[in-house]
Amino acid sequence: MVFENLKHRPVRTLLSVVAIGVEVTLILTLVGLSRGVLDDLASRSRGTGADILIRPPDSSGFTFSLTMPEKIVNVVRAQPHVTLATGTFVKYIDSFNSITGIHLDEFNAMSGGLKVQKGRVFENPDDLVIDEIFARQKHLAPGSSFEFGHTWHVAGIVEQGKLSRTFADIAALQKLFSARDLVSTIYVKLDDPGNTAAVKEALQKELPTYKIDSIEDFVSLFSTNSVPYIEAFTKVVIGVAVLIGFLVVCLSMYTAVLERTREIGILKALGASPGYIVGILMRETVVLAVSGTVLGILMTYGTRSLMRIFNPSMPQEIVPDWYLLVTGIALAGSIVGALYPGLRAARQDAIEALAYD
Amino acid sequence: MTEIEVQDLTKTYRVGDVEVNALRGVNLKIERGEFVAIVGPSGSGKSTLFHILGGLTPPTSGTVLIDGRDLVKMSEADRTLLRKTTVGFVFQKYNLLPTLTGAGNIEIARHIAGKNGRTRDPQFEETLKLLGIASRLHHKPRALSGGEQQRIAIARALVNHPALLLADEPTGNLDTENSTAVLSILQGLNKSLGQTILMITHDPEAAAYADRTVTMRDGRIV
């Protein structure tokens, strides 16, 4: 009966399933994006090849907006087991985009080298090197001019995965943005990663107020739990999504109950208890919620494809570990939405219902 | 043996501030296996009596014994149980569930009664033969004629072997040929299976199929 009822009104059923699907996709896309972006940041941090990184005092989270004197790099280089230390200068253009100034030779030595796919590395002060993702997103090619806090000349496109999506010569960037002899981060490579703890401790004694982390400790910050606004935002989106599911199912079931007034009267005449009638509506709701969840999961693959096309710098992950939770969320919102219509149906007077046309 | 015993039955409705006395002291006895027709003009209280005997609405006062149980003392849950186990309904408008096939309509009545909808029941299969609807069971109501729908409604009403079959104007929406067929079926069920039937009708020709006719007027049996 449950499937027959749902088949009887295919458009309403489809709309309900799609609405629940949107609810599920909304949650899974947000979680997938949060995780994808953070994992991408972590992966690019590992791509530097560094074992330790040093940030200015009062740095928090994983932002690089503060600066420190570049001469500290020499203090770091003097430490035992340090084979390489290089400073980078990060200039934020807006909330999400920045340019990283690097000493190209030092950075190449530490990271294994930027792999140029097209064009060349920077030679002039206005040269910008971008990674393949940034190039695709902004439709840039070597030779293009690009306004990004300054009019840059795209010198080349490199393989993604190493620290940043946009690179400039550090001296040019410092000069351009009045930050001579200042760096945002110092990346440190050791002779043996096993010495990380000892070197970190020694550096911390030398630079007590500075933020010194092993690269693994640093990338562990790239989780949704470590970023308060992401967690709060996710909760808000889940709340909105549940509200959508609740309202859609409530409206759908409410109209179903109104439309089926006579049928409810028939069931009552046959001896159906209020629980039996509520049970039918609840089973229909569960079918809608589960179908909507499956559709929502499938739609998540669609949103990932769309993100790849329109915003490749924000990678979206598929998050199967959320499937169970999101099913529970969709079920809970839908069942609560079906409660009022269900109770209304259960309380329907059989004689009035049978007389309903 | 008495199937239904009604004594001093009253039913008062409140419509706004006005009290409507739909039944004003009805007394009625129906023996087991009897086929009784209730006739009377509109507003005479036939439908109210039908609803009370079917457990669809509680009486105001009096005694109503069906199969030995007093409806006056029944709770809503008890009346639900009565509809499930003791009474079967046939309505003028057939009242089949439109989303289910004929077989589905019959199965759901069994399911509500807590029985497996598809279990074989030799006695009920006999009833189905009598109704002559075996070939139409897998069609939905919209694909069935009025006569076929009403025969499926009768099958649904009988699938749980109720002590009492209540029929409210069962031929009211049918042409003469189908009316005759349905009334003959009801008569046949009464004669061959001993099914107790109480039928409400306006039609004296339909009432003639019953063993006995009871006339109602102004909330009383006259």
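Two residues are in contact if their C-beta atoms, placed from the backbone, lie within 7 Å. The model is predicted: local features need pLDDT of at least 70, side-chain atom pairs count only at pLDDT 80 or more, and totals for chains, interfaces and linings use all residues. Residues are numbered from 1 along each chain as its sequence is written, while chains are lettered from A and ligands numbered from 1 in the order in which they are written.

**View 1. Chain B as a whole.**
Chain B has seven helices and ten strands. Helices (H or I, at least four residues) and strands (E, at least two) are DSSP runs, numbered from the N terminus. The radius of gyration of chain B is 17 Å, close to the 17 Å of the globule rule for 222 residues, so chain B is as compact as a globular protein of that length. That radius is taken over C-alpha atoms, and the rule is 2.2 Å times the number of residues to the power 0.38. The C-alpha trace of chain B spans about 50 × 40 × 35 Å along its principal axes. Of its 222 residues, 48% count as buried. Buried means 20 or more other C-beta atoms within 10 Å of the residue's own; exposed means 12 or fewer, and partly exposed lies in between, with C-beta atoms placed from the backbone. Of the contacts in chain B with a separation of 6 or more, 71% come from residues 24 or more positions apart.

**View 2. The open sheet of chain B.**
Six strands of chain B line up as β6-β7-β8-β3-β9-β10, with mixed pairing. Strands pair if DSSP finds at least two bridges between them. Strands β3 (35-39) and β8 (196-201) of chain B run parallel and are joined by five bridges. Phe35(B) stands opposite Ile197(B) in β8(B). Helix α6 (176-193) of chain B packs on the sheet and touches β3, β7 (164-168) and β8 of chain B. The direction of this helix makes about 155° with that of β8(B). Axes are lines fitted to C-alpha atoms, for helices over the stretch in contact, and angles run from 0 to 180 degrees between N-to-C directions.

**View 3. Asp8 in chain B.**
Asp8(B) is found in strand β1 (residues 2-15) of chain B. Its phi is near 50°, a positive value in a residue other than glycine. Asp8(B) is partly exposed, with 14 other C-beta atoms within 10 Å.

Chain A has 13 helices and twelve strands. Its radius of gyration is 29 Å, well over the 21 Å that the globule rule gives for 357 residues, so chain A is more spread out than a compact globule. The C-alpha trace of chain A spans about 90 × 45 × 30 Å along its principal axes. Chain A is divided into domain 1 (2-40 + 226-355) and domain 2 (57-209). These bounds come from an automatic or database domain assignment. The domain centres, taken over C-alpha atoms, are 47 Å apart.

**View 4. Where chain A meets chain B.**
The contact takes 15 residues from chain A and 15 residues from chain B. On the side of chain A, α1 (2-8), α10 (261-269) and α13 (350-355) each give two or more residues.
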